[in-house]
Amino acid sequence: MTTTTPAAPSTTPAGTAACRPGPARRALRALAVASCVPYLTLKIAWVAGSRAGIPDGSALLDDPALMAALNLMTVLMDAAVIVLALLFTQRWGSAVRAWLLAFPMWVATGLLAPIMVGYPAQLAAGRSAPAEPFLDEWVFTVVYTGFIVQGLTLGTLFALYARDRWGRVWQGRVADLSPEAAGPVVRVTAVAASALLLAPSALHVLWLSGSNRWLPAGQAAEHGGDLAVMEGVRLLFVAAALAGVLMLVFRLGRALPVKAPLALAWTGSAGVGCWGGWLLLAALMPQDGSDGEPPTAMALAYAGEMITGMLLGACVAVLLRRRAVRTA
């Protein structure tokens, strides 16, 4: 995912709290780092050849070289959480260019937020055991619990850091946003991306309703509560992205504080774009007992979400940058 992505305004720090964190921020930083340890330990063990948590017959054992490469990639991704936690609480973090921290934080939001919503919802609905062995259940508990803690701690640290450095950008109400902050190009892009996003959303509605159409054979055979929950979560993030971006771009809900639609736009566009890209990658991986080709409709849906999520995020980035210039 290397297309234009959201970047916070490139301005100098407005405060020094992020440079000299208090006890609360240091505790959040320590908890964020500690929450990465179980996942990193498990992944590194798998790269080293361990089969801890992987039952016999799991598809994860079919291609050791491919799985080692993917595990190394996810090790780097989770290690980025530690880097960000340090960046948000160290003196040198205030000197980092905005886009260098906004892009990975946007990606982290997009990958962690759906899990933070979806996994508790699946537990509440009653998780169903897969027909084919994949991972022991304790692995999901350990990993997803760690992801939820990472999301909560890293998200809080970022919110505090962003408030200190760019707080003035989202002061006031939506009515205070300048019409020039968006501009015609951003408005057209927001409308076009929103319209294109309706197509993959229609597929999520179809799968949420219980239809197996355009689902891989393996998923169709196990179509149950877990899939329905995640399809609902996908639609929730689509709604957040569309509502937040369109409210900002067209100054809708004028009495609302700017931070409300901004939070929706940031989280929603990240969840749509980054999770769509992750699901596309997973769909393109070779499947057990198949030729590795996902249904065309599914691949197009995930690719469409990845692209439209990035476009919506880029709209937010442009608006924030222009507003930062006006408020400087």
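Helices and strands are DSSP runs, of at least four residues for helices and at least two for strands, numbered from the N terminus.

**Figure 1. Overall architecture of the predicted model.** The protein chain contains nine helices and zero strands, and its elements follow one another in the pattern α-α-α-α-α-α-α-α-α. Of its 328 residues, 46% count as buried. Among contacts in the protein chain with a separation of 6 or more, 84% join residues 24 or more positions apart.

**Figure 2. Course of helix 1, residues 23-47.** The end C-alpha atoms of this helix lie 36 Å apart, which agrees with the 36 Å that its 25 residues should span at 1.5 Å a residue. A bend of about 30° occurs at Val 37, and the proline Pro 38 follows within four residues. After helix 1 comes Gly 49, which has a positive phi, near 110°.

**Figure 3. Buried residues of helix 1.** Among the buried residues are Arg 25, Arg 29, Cys 36, Tyr 39, Lys 43 and Trp 46. The buried residues of helix 1 pack against helix 2 (64-87) and helix 4 (137-166).

**Figure 4. Packing of helix 3 against helix 8.** Helix 3 (residues 98-125) and helix 8 (residues 259-284) meet at an angle of about 80°, and their axes are 7 Å apart. Angles of 65 to 115 degrees count as roughly perpendicular, and the two helices are therefore roughly perpendicular to each other. Helix 3 contributes residues including Met 105, Trp 106, Leu 111 and Pro 114 to the contact, while helix 8 contributes residues including Trp 266, Cys 274, Trp 275 and Trp 278. The contact residues comprise 13 nonpolar, five polar and no charged.

Terms used
Residues are numbered from 1 along each chain as its sequence is written. This is a predicted model: local features need pLDDT of at least 70, side-chain atom pairs count only at pLDDT 80 or more; totals for chains, interfaces and linings use all residues. Side-chain values use heavy atoms; hydrogens and water are left out. The expected span of a helix is 1.5 Å times one less than its number of residues. The bend at a residue is the angle between axes fitted to the seven residues ending there and the seven starting there. Buried means under 20% relative accessible area, exposed over 50%, partly exposed in between (1.4 Å probe, protein chains only). Contact means heavy atoms within 4.5 Å. Axes are lines fitted to C-alpha atoms, for helices over the stretch in contact, and angles run from 0 to 180 degrees between N-to-C directions. Angles under 35 degrees count as roughly parallel, over 145 as roughly antiparallel, 65 to 115 as roughly perpendicular and the rest as oblique. Ala, Val, Leu, Ile, Met, Phe, Trp, Tyr, Cys and Pro count as nonpolar, Asp, Glu, Lys and Arg as charged, and the others, Gly among them, as polar.
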